[in-house]
Amino acid sequence: MKRKPAFGVEGGPRGEKRRFTTISGDEIASLYSARSEEITDSSGPGEFPFTRGIHPGMYRERLWTMRQFSGFGSAHQTNQRFKFLLAQGQQGLSVAFDLPTLMGLDSDHPLAAGEVGKCGVAIDSLRDMEDLFRDISLAEISTSMTINSPAAVLLAMYVAVAEKQGVSRDNLRGTLQNDILKEYIAQKEWIYPPRPAMRLVVDSIRFCTRELPLYNGISISGYHIREAGSTAAQELGFTLRNGIEYVQWLIDSGLDVDDFAPRLSFFFNAHSDFFEEISKFRAARRLWARLMKERFGALDTRSMKCRFHTQTAGCSLTAQQPHNNIVRTTIQALAGVLGGANSLHTNSYDEALALPTAESALLALRTQQVIAYESEVTNTVDPLGGSYFVESLTNRLEEKALEYIEKIDLLGGMIPAIEQGFPQREIGEASYAYQEALEKQEKIVVGVNAYVADGVESIPTLKIGNDIREKQQAKLSQLRNERDSGLVKQRLATLRSSAQGNANLMPPILDAVRDYATVGEISDALKDVFGAYVEPNF
Amino acid sequence: MSKLNIRILIAKPGLDGHDRGAKVVARALRDAGMEVIYTGLRQTVDHIVTAAIQEDVNAIGLSILSGAHMHLFQSLLKALRKRDAQDILVFGGGIIPDDDIPVLKAAGVQAIFQPGTHTKEIVHFLRQNVQ
């Protein structure tokens, strides 16, 4: 491999006048000492504000859950991948849905052309969901579902599959992403305007609180905010402010904070700046605990614990020299573990090119297993706690996140902030600043703006055939012929009238799902009442 | 047309909501002195072609990270031919496997920029290839 001569050996590629900054652009000192920072937080792990971890013994008590996000093609194909990953030691499932499903469209919708089964599994009806979990007992596995706008529909399908398997609701474990606010901010898979969309979130979380005691009805997600180009502080600030918004709406719906808060969960990015990320996770726990106690008056300590899943940074992966991604992912995953993650996904090295092959997905899982079982980093709780540098960064990130939270409070909450484009603009500025830093070589990505190789290093990638759309369409038309269409029509009419009122929408959605109404039909029925969201131009 | 007023339409077709790349490229082209129209998310191919003709652009850049690139690029090229607008240059970027690039180029896509591309490279390409 040839090194580009412009980045000579002397002094490395960055030149003389280098500023030393985190990947988020914050200046850092060359040495931190007892004089640099006043460390006022002397709490231990398992103690408020949980900076050092939510459990006293952390990984000695229980390792993180190794949960690899996967889904592609048909429900049957994804079911095979799930069984493969479970046989290799994965402990929880995590379903990736295709774009039509994420957008509440059936596979035969004109806008679904070219997208069916491409970036996740295609789910149109309960029939697909039954195939997805065929021979996998929902009593024995926990399942995370990355779905937002139609989250209530997919949750209803999961509950309906459990009914068919004879599994009690008390035993259902898993997490629904169900975080609609970050969709308007970053991921942008919306259907309805924010306020009716928030009602669906509240209804589904209320359903979980009452019916599914072991299930997390929401995963408040910074991952996508970071992927869209935010800084670490923005990821933290916007995510926790979204969390505040959900808590406030749930309290306003008549719940006591301690009724639902213990089952709120979070999802953060594990990016490339090792110490900044570790500090971000620590700051997240401390800040959330304080917010829950001081702002919302939570009394149950479980309500104050920021339990989180983390995934290594997809946006850090490069198409150039793809094997380098294995190393990036390992460092990022280690930051997640040293930051006290409760659940982890490691990306596959081929994901700047395509969805992962079985081989690359297995290597990603093995990366976690090597960290868990060979590196011995799990022996000690929060091993970097007390480091002057990490404590200082933790304080700084907490402060900066709090500033964002206060700014959004002043704007009147997250929905007005979104309507004014505040978080969207902040992220846009940060992502452009990072791109500029790359182009000026102030930040280096190996193989991209330094140590560039001649020629292309070709690796095998997963191919998803185009016949999946025809197959899915055929399955749909068979379903539409076989089901009781009069009954489906009636269910959808009931749903529409419930949406016009104030009652919880989960029961009518569950009824519609059980009678094989499709994701598209249910989403359309709600759209008739709620309208569709159109993003303003920021 | 003078190279000073190169006009570019940056478009997000299909259902994909990842707009970080499209926005960064749009801004970089603008900073390089080009006139850039960004369509916003989830545009149909017909809408993109209509906008390109109305705005009299020299090139259309599609950003696709959802895996639907084969279908969407080919539909766009077909629609441009149908509207007799094949003089508009088509380029793109996103999550696009190496193997698909020759196929897209053979179909008439002039360039594909994968993740990690320097924006100056895109600027240079457009200055060289837009008449």
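This is a predicted model: local features need pLDDT of at least 70, side-chain atom pairs count only at pLDDT 80 or more; totals for chains, interfaces and linings use all residues.
View 1. Followed along the sequence, chain B shows the pattern β-α-β-α-β-α-β-α-β-α. Its C-alpha atoms fill a box of roughly 35 × 35 × 25 Å along the principal axes. A compact globule with 131 residues would have a radius of gyration near 14 Å, so the 13 Å found for chain B agrees with that expectation. Of the 131 residues in chain B, 52% are buried. Among the contacts in chain B with a separation of 6 or more, 72% are between residues 24 or more positions apart.

**View 2. An open sheet of nine strands lies in chain A.** The strands of this sheet pair in parallel, in the order S5-S4-S3-S2-S1-S9-S8-S7-S6. Strand S5 (215–216) and strand S6 (218–221) of chain A are the edge strands, each of which pairs on one side only.

**View 3. Strands S7 and S8 of chain A run parallel and are joined by five bridges.** Strand S7 covers residues 264–270 of chain A, while strand S8 covers residues 308–312 of chain A. A:Phe267 has A:His309 in S8(A) as its bridge partner. Helix H10 (residues 274–295) of chain A packs on the sheet, where it touches S7 and S8 of chain A, and its direction makes about 165 degrees with that of S7(A). Helix H12 (residues 358–373) of chain A also packs on the sheet, touching strand S1 (65–70) and strand S9 (343–345) of chain A, with a direction that makes about 160 degrees with that of S1(A).

**View 4. The largest nonpolar core contains 181 residues.** The members that touch the most others are A:Ala156, A:Ala284, A:Ile509, B:Ile60 and B:Leu76. Helix H4 (residues 151–165) of chain A gives the largest share of this core, 10 residues. Leaving aside neighbours within four places in sequence, A:Ala284 is in contact with A:Leu236, A:Phe266, A:Phe268, A:Cys306 and A:Phe308.

**View 5. Chain B meets chain A through 25 of its residues, which are in contact with 33 residues of chain A.** On the side of chain B that touches chain A, the elements giving two or more residues are helix H1 (20–31), helix H3 (69–82) and helix H5 (119–129) of chain B. The largest share of this side, four residues, comes from H1(B). By class, the side of chain B that touches chain A has eight nonpolar, 10 polar and seven charged residues.

Terms used. Residues are numbered from 1 along each chain as its sequence is written. Chains are lettered from A and ligands numbered from 1 in the order in which they are written. A nonpolar core is a set of buried Ala, Val, Leu, Ile, Met, Phe, Trp, Tyr and Cys residues joined through C-beta atoms within 7 Å. A residue is buried if 20 or more other C-beta atoms lie within 10 Å of its own, exposed if 12 or fewer, and partly exposed in between; C-beta atoms are placed from the backbone. Two residues are in contact if their C-beta atoms, placed from the backbone, lie within 7 Å. The radius of gyration is taken over C-alpha atoms; the globule rule is 2.2 Å times the number of residues to the power 0.38. Two strands pair if DSSP finds at least two bridges between them. Axes are lines fitted to C-alpha atoms, for helices over the stretch in contact, and angles run from 0 to 180 degrees between N-to-C directions. Ala, Val, Leu, Ile, Met, Phe, Trp, Tyr, Cys and Pro count as nonpolar, Asp, Glu, Lys and Arg as charged, and the others, Gly among them, as polar.
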